[in-house]
Amino acid sequence: MSTIYILNGPNLNLLGKREPEIYGHDTLADVEAMCREAAPEGVDIVFRQSNHEGVLVDWVQEAREAADAIVINPAAYTHTSVAILDALSAFEGPVVEVHISDVHKREKFRHHSYVSQRADEVIVGRGVQGYVDGLAWAVEKL
Ligand code: DQA
């Protein structure tokens, strides 16, 4: 049995309502259902969202003991958070960074990701399918 943490940062609780022209119409509950559906037998999914940087840091630290891989969409903290980068650097398993939108084709401040410095795989611009692809990548690595 392996465990994969799928962690979501700020404002992703509004998925489906928030700027649907950028992020689409699926809700975060839909994304969770897609991931659970896609997870092969023997892979346990822990799916969480927080608007708070420190909570995300706590979950990444918790994953050191509890998870084999992390799939993370740090949302806006991608572009600001050394704390999340440091927490991920202390995690030994595979890390996949996912962004629903193509951050490289958006505002300049979204082009830089602290998290990419640690991520083993980065998936951008595939919509919510990026989560399923990220999960598949992590499963393959385990
Ligand atoms: C995002 C991209 C970030 O720049 C933004 O702050 C988000 C979502 C994405 O999934 O495309 O909240 O991570």
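This is a predicted model: local features need pLDDT of at least 70, side-chain atom pairs count only at pLDDT 80 or more; totals for chains, interfaces and linings use all residues.
Most residues other than glycine have a negative phi.

Asn 11 is another residue with a positive phi, in this case about 75°, and Asn 11 is not a glycine either. Asn 11 belongs to the loop that runs between β1 (2–8) and α1 (20–23). With a relative accessibility of 35%, Asn 11 also counts as partly exposed.

## The sheet

The model contains an open sheet of five strands, in the order β2-β1-β3-β4-β5, and the pairing is parallel. The strands at the edges are β2 and β5; each has a single partner strand, so one side of each lacks a neighbour in the sheet. On average, neighbouring strands of this sheet are turned by 15° against each other, with direction ignored.

Helix α5, residues 129–141, lies across β1, β2, β3, β4 and β5. This helix runs at about 150° to β1.

## Strand β1

Strands of a sheet pair through backbone hydrogen bonds, either parallel or antiparallel. Strand β1 is joined by seven bridges to β2 (residues 43–49), and these two strands run parallel. One of the pairs between them is Ile 4 with its bridge partner Ile 45 in β2.

Five bridges join β1 to β3 (residues 69–73), again in parallel. Here Asn 8 has Asn 73 of β3 as its bridge partner, and Leu 7 stands opposite Ile 72 in β3.

In a regular strand the side chains alternate between the two faces of the sheet. From β1, Ser 2, Ile 4, Ile 6 and Asn 8 point one way, while Thr 3, Tyr 5 and Leu 7 point the other way. The residues of both groups are buried. Because seven of the seven residues of β1 are buried, the strand is largely enclosed by the rest of the structure.

## The ligand and its surroundings

The residues around the ligand are Arg 18, Tyr 23, Asn 73, Ala 75, Ala 76, His 79, His 99, Ile 100, Ser 101, Val 103 and Arg 110.

For Asn 73, an N or O atom of the side chain is 2.8 Å from a ligand oxygen. For His 79, the distance from a polar side-chain atom to an oxygen atom of the ligand is 2.7 Å. For Arg 110, an N or O atom of the side chain lies 2.9 Å from an oxygen atom of the ligand. Taken alone, the ligand exposes 330 Å², and the protein buries 99% of that area.

## Ser 101

Leaving aside residues up to four places away in sequence, Ser 101 touches Ile 22, Tyr 23, Arg 106, Val 124 and Gly 125.

Technical notes: Residues are numbered from 1 along each chain as its sequence is written. Side-chain values use heavy atoms; hydrogens and water are left out. Contact means heavy atoms within 4.5 Å. Helices (H or I, at least four residues) and strands (E, at least two) are DSSP runs, numbered from the N terminus. Buried means under 20% relative accessible area, exposed over 50%, partly exposed in between (1.4 Å probe, protein chains only). Two strands pair if DSSP finds at least two bridges between them. A residue is near a molecule or strand if one of its heavy atoms lies within 4 Å of it. A polar contact is a pair of N or O atoms within 3.5 Å; within protein, one must be able to donate a hydrogen and the other to accept it, and residues adjacent in sequence count only if both atoms are side-chain atoms. Accessible areas come from the Shrake-Rupley method with a 1.4 Å probe; for residues, only the protein chains shown count as cover. Axes are lines fitted to C-alpha atoms, for helices over the stretch in contact, and angles run from 0 to 180 degrees between N-to-C directions.
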